[in-house]
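Let's take a friendly walk through this protein model together. Please have the sequence and the coordinates open as you read.

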Amino acid sequence: MTIVPFSRRTFIKSSTAVTAGLVLSPAIIGRAEAATLKLKCSSSLPNDPKFANGRVYYDNLVKQIKANGLGEQVEVAFFPDNQLGQEIDVINSVKLGVIDLMVSGSSISANLVPLVGTYDLGFLFASFPQQTKAFDAGAAKPIEDALLKGSNIRIIAWAYNFGSRSVLAKKPVKTPEDLAGLKIRTLPNPVITECLRLMGAAATPLAFGEIYTALQAGVLDGLEHDPPTILASKFYETAKSYALTQHNFSPLAIYFSDMTFNRMDPKLREGFLDAAKKAAVDTRAHGLAVEKEALAALTEKGVTVAECDREAFKKRVAPQIENFIKARPESKAVIDIIRSTQA
């Protein structure tokens, strides 16, 4: 297991040098293929082995790689806490093959392929188990195919963000009226931003790594995220009211560069992809268990966790899905599968 404290500048310089060497020297390519395959895995979340989905997935991946007998053939280095850059930069590096793996929500890739934003529609999923059933029934493949075609990025496994996304704010929020005028951070993603706007907030897109200081400075009044991420990132230190809007059950995607996929030996690739899928199953189970524990821990930290008028929020967001289908008709088949799948 390799968890690397690393500067982004050093990473880019070394990556450029390695890439240049591979291009100029076929002999080096031959030797590299015979050696241990070294992969870089990025996550924006802290290096928390319990509450941060990136680290949890990474630990499970390493375990499954060893279980598949590939421990001497594949080495994955883990870079948490935005060490390789903000998520929008990292997803583009995965597209270019500079970074091999990225563990993040599906939302970030909607910036590259807008159809992925289907999963960000407010109140689309009823629960994470329902999400898995919908994906198994065919709701994942059109999105995976579109992302591969549009950005050369594969989703090799699906897990869960550790809990549904709800609103953490500096004041209590029970109704859409309570959100009015509050600057609530959203992902730099138009669908999620629109969802929070419809819910009543002054939706404010911002990179994940900038949230804490923005809350401290008063640039933000709150954010929307899952309980373990709020706990692991210590956002509770600056906002103390958590309204259980549960407006989004965000899927966690394991992104894999198509360039890395294509340069892997087929037999090694088969074993690695199997390990990646098994690690996702382990991570889903962990995520479901840890959400309640994180909510309890937030309460101990002084956060007021409260129910809200979820139906009022849901009613206000309802037009978003139909408008999305009108703008992107190809999303209808995916949405129909999700809606027809019971938890």
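This is a predicted model: local features need pLDDT of at least 70, side-chain atom pairs count only at pLDDT 80 or more; totals for chains, interfaces and linings use all residues.

Residues are numbered from 1 along each chain as its sequence is written, and side-chain values use heavy atoms, with hydrogens and water left out.

**The two sheets**

Helices (H or I, at least four residues) and strands (E, at least two) are DSSP runs, numbered from the N terminus. Two strands pair if DSSP finds at least two bridges between them.

Angles run from 0 to 180 degrees between N-to-C directions, and axes are lines fitted to C-alpha atoms, for helices over the stretch in contact.

| Strand pair | Sense | Bridges |
|---|---|---|
| β6 (165-169) and β10 | antiparallel | 4 bridges |
| β10 and β12 (304-306) | parallel | 3 bridges |
| β7 (183-186) and β9 (222-225) | parallel | 2 bridges |
| β2 (37-42) and β4 (101-105) | parallel | 2 bridges |

Strand β10 (241-248) deserves a visit. Of its 8 residues, 7 are buried, so β10 is largely enclosed by the rest of the structure; buried means under 20% relative accessible area, exposed over 50% and partly exposed in between (1.4 Å probe, protein chains only). Within β10, Ala 243 is the bridge partner of Val 167, and Ala 243 also stands opposite Ala 306 in β12. Elsewhere, Arg 185 stands opposite Leu 223 in β9, while Ser 42 has Met 102 in β4 as its bridge partner.

**Helices on the sheet and on each other**

How do α5 and α15 pack? Their angle is about 135°, with the axes 9 Å apart. They are therefore oblique to each other, since angles under 35 degrees count as roughly parallel, over 145 as roughly antiparallel, 65 to 115 as roughly perpendicular and the rest as oblique. From α5, Gln 130, Ala 134, Ala 137, Gly 138 and Ala 139 meet Val 334, Ile 337 and Ile 338 of α15; contact means heavy atoms within 4.5 Å.

Not counting residues up to four places away in sequence, Gln 131 touches Phe 125, Ala 159, Tyr 160, Phe 249, Ser 250 and Pro 251.

**The nonpolar cores**

A nonpolar core is a set of buried Ala, Val, Leu, Ile, Met, Phe, Trp, Tyr and Cys residues joined through side-chain atoms within 4.5 Å. The largest has 38 residues, and Tyr 119, Tyr 255 and Ile 338 have the most contacts inside it. Among the elements giving two or more residues to this core are α4 (87-96), α5 (128-139), β11 (251-257) and α15 (332-340). Another core lies apart from it, with 29 residues that include Tyr 58, Val 74, Leu 268 and Ala 279.
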